Amino acid sequence: MTPLDQVFRHALIITLATYLLAGLFLIVVGALLARLVVRAHGEYSGTRTVTCPETEDYAHVKVDAWHAAMMRLLGRTHLRVRDCSRWPERRDCAQACTWQMARNRKA
């Protein structure tokens, strides 16, 4: 083997090792992010009972759990109602009940 072949072989091994480590790093980070999203989705899924600010009566609401999980991934808490027992009559409400769900995460 010539010295040039040895240098090429050494560079190839370093390049492959770098790609392998980068790939493993991306897989680990992706798995951790997926775990966070799945946990947050589980935390926000389901039906909750809140007091409707407009009618001051109880309402059963479902949170958009995937949206809440993605917002959690970005470091924010932003909830939006996906379904409510007061709908369709009050479909255009301001969703001011979400603060109750943020406070009482799973009821």
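I will start with one side chain. Arg72 is partly exposed, at 30% relative accessibility. Keep in mind that this is a predicted model.

What does Arg72 pair with? Arg72 forms a salt bridge with Glu43, and the closest N and O atoms are 3.0 Å apart. Glu43 sits in helix H1 and Arg72 in helix H2, so this pair links parts of the chain that are distant, 29 residues apart. Glu43 is partly exposed as well, with a relative accessible area of 23%.

Now to helix H2 itself, which covers residues 65-73. Which of its residues are buried? They are Ala65, His67, Ala68, Ala69 and Met71. These buried residues pack against helix H1, residues 3-44, and against strand E2, residues 58-63. Just after H2 comes Gly75, with a positive phi of about 85 degrees.

Next, the core. The largest nonpolar core has 14 residues, and Val81 and Met101 touch the most other members. Two or more residues come from each of E2, H2 and strand E3, which spans 81-84. E2 gives the most, with three residues.

Which residues does Val81 touch, leaving aside those up to four places away in sequence? The list is Val61, Lys62, Trp87, Gln95, Cys97, Thr98 and Met101.

Back to the charged pairs. How many salt bridges are there? The count comes to three.

Another joins the side chains of Arg86 and Asp57, at 3.0 Å from N to O. Arg86 is in the loop between E3 and helix H3, residues 98-103, while Asp57 is in the loop between strand E1, residues 47-51, and E2. This pair also links distant parts of the chain, 29 residues apart. Arg86 is partly exposed, with a relative accessible area of 21%, and Asp57 is partly exposed at 40%.

The remaining one is Arg80 with Asp64, where the closest N and O atoms are 3.1 Å apart. Arg80 lies in the loop between H2 and E3, and Asp64 in the loop between E2 and H2, so the pair ties together parts 16 residues apart in sequence. Is Asp64 buried or exposed? Asp64 has a relative accessible area of 19%, so it counts as buried, the cut-off being under 20%.

Conventions: Residues numbered from 1 in each chain as written. Predicted model: local features only at pLDDT ≥ 70, side-chain atom pairs only at ≥ 80, totals over all residues. Heavy atoms only, no water. Buried < 20%, exposed > 50% of the residue type's maximum accessible area, 1.4 Å probe, protein only. Helix = DSSP H or I, 4+ residues; strand = E, 2+ residues; numbered from the N terminus. Contact = heavy atoms within 4.5 Å. Core = buried A, V, L, I, M, F, W, Y, C linked by side-chain atoms within 4.5 Å. Salt bridge = Lys/Arg side-chain N within 4 Å of Asp/Glu carboxyl O.
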